[in-house]
Amino acid sequence: MSGTYLGMPAFPEAAAESTRNTTLRSNLRHATHTIRDKRAKAVAELDDWGRLRAAGAAIKNRTLRHLDHYLEQVEAAVTAAGGTVHWAADAAEANRIVTALVRATGETEVVKVKSMATQEIGLNEALAEAGITACETDLAELIVQLGDDLPSHILVPAIHRNRSEIRDIFRAKMADWGRPAPDGLTDRPAELAEAARLHLREKFLRAKVAVSGANFIVADTGTLVVVESEGNGRMCLTLPETLISVVGIEKVVPTWQDLEVFLQLLPRSSTAERMNPYTSTWTGTTDGDGPRTFHLVLLDNGRTDTLADTVGRQALRCIRCSACLNVCPVYERAGGHAYGSAYPGPIGAILTPQLRGTTSEVDASLPYASSLCGACYEVCPVAIDIPEVLVHLRERVVEGGEVTRNGKKVRLRPAKGHAAERAVMRAARWTLDHPGALRTAQRLASRSRRLHPQRLPGPGRAWTDTRALPEVPAESFRDWWQRTRGGEGSGK
């Protein structure tokens, strides 16, 4: 995944810093509450939302089970329609392919449609190293790019910025990338949007190469689909002479009938709309209509390894709606940058450790970036049981075990820093398996309760940094029952 995020601290450290930023927390609280309230109203309009959700999950599951078949079908259909298909095993290969394709055109600037896949692989940075400028055209992505920042939300990458901050960024940085901001620019939304429109219009009209992702690929026709709200995607997909689309292999749906389900689920879950303002579809190339050259780069980058995990593979059902971020109490307080990945929030906490592995400190910390409240599962339009996968990945971090990496079975060693946790859990298991020992431990804990510390020492200190130790009662339930009921019904 993106080299931009490498070297970032583990989630607890990053979150400890971001939660002290009162402006950030205010921006996030206002934005996430607004979006999720609108989403709830949009979803409530449909009596069959539960059935749509189940259908979306079933379609994704069936597609993932037969992904090899559908990918070959995509390749054949795109090729027959005049496109060229490239296969990228990892980020480095994808970046090499795209860089070579752009260089072959002789251009040194490309326009981009918002794309999580290209953020994941760090494409902008790879193109910059090759002397090619990638210009973001989504308004929020433009704000992030001009501010030399990182996206912090799947749907609204600049959610951590308020209007005044955006105005200052436009005034200071817009001229470095092209048309400067108008004189006297204020923080009124209409003025900010107009400044961005004027700035981007010049880029659209002169662009010869565009780079996009895709929300879906329809296998039976080789059609790619991009849904968006601003119209910048439509401009990028139709005006340039060359279009290069980088798409994760999990974005395939078998038929147009299957696509219909997701075109109902996605807009209501993401922007709380009944349908997206712009739904762009294209199939290969057509003489006199749109780009003359089309390249599709199918990206693996850990997805096949994720597919091999029978519990974790459900993360590949994700349609990038961001509903889980907007209801997550952890994301609302910590923000997206704390996750150290292109994919923040609950879905990032389960997707990133599978795509990148759990060997780094930041990736090993992500499965713990959750309270396991389950709100994310309740709103997910494709019913991804994120808490289940989080617990599954926590077990992997602590216990290690067999996983698939680069298509091969390997055995992970337990992550460092969890030896005490493993020892405590083994001791707890032994105690619970021996009733006499449990009874003795409970009585000792009750009789010594006045001596218990407020915070745990050693490795337990981190746990009590944010939690209060529960008070131990004067007697255990077992002893209370024995005293008040005389062992009635216990058989002992």
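Student: Where is Thr108 found?
Tutor: This is a predicted model in which local features need pLDDT of at least 70, side-chain atom pairs count only at pLDDT 80 or more, and totals for chains, interfaces and linings use all residues. Residues are numbered from 1 along each chain as its sequence is written, and side-chain values use heavy atoms, with hydrogens and water left out. Helices (H or I, at least four residues) and strands (E, at least two) are DSSP runs numbered from the N terminus. On that numbering, Thr108 is in the loop between α5 (91-105) and β2 (109-112).

Student: Which residues does Thr108 touch, not counting residues up to four places away in sequence?
Tutor: Contact means heavy atoms within 4.5 Å. With residues up to four places away in sequence not counted, Thr108 touches Gly131, Ile132 and Thr133.

Student: How many Å apart in space are Thr108 and Leu456, C-alpha to C-alpha?
Tutor: In sequence, 348 residues separate Thr108 and Leu456. In space, C-alpha to C-alpha, Thr108 and Leu456 are apart by 58 Å.

Student: Are α16 and α19 left-handed or right-handed in their crossing?
Tutor: Axes are lines fitted to C-alpha atoms, for helices over the stretch in contact, and angles run from 0 to 180 degrees between N-to-C directions. Helix α16 (residues 345-356) packs on helix α19 (residues 386-399) at about 40°, with axes 10 Å apart, and α16 is therefore oblique to α19 (angles under 35 degrees count as roughly parallel, over 145 as roughly antiparallel, 65 to 115 as roughly perpendicular and the rest as oblique). A crossing is left-handed if the near helix is turned anticlockwise from the far one by less than a right angle, and right-handed if clockwise. The crossing of α16 and α19 is left-handed.

Student: How many charged residues has the contact of α16 with α19?
Tutor: In α16, the residues Pro346, Ile347, Ala349, Ile350, Pro353 and Gln354 meet Ile386, Val389, Leu390 and Leu393 of α19. Ala, Val, Leu, Ile, Met, Phe, Trp, Tyr, Cys and Pro count as nonpolar, Asp, Glu, Lys and Arg as charged, and the others, Gly among them, as polar. The contact of α16 with α19 has nine nonpolar residues, one polar and, as for charged residues, none.

Student: How do the residues of the contact of α3 with α12 divide, and how many are charged?
Tutor: The axes of helix α3 (residues 49-65) and helix α12 (residues 256-270) come within 10 Å and cross at roughly 120°. The contact of α3 with α12 has seven nonpolar residues and three polar, and its charged residues number five.
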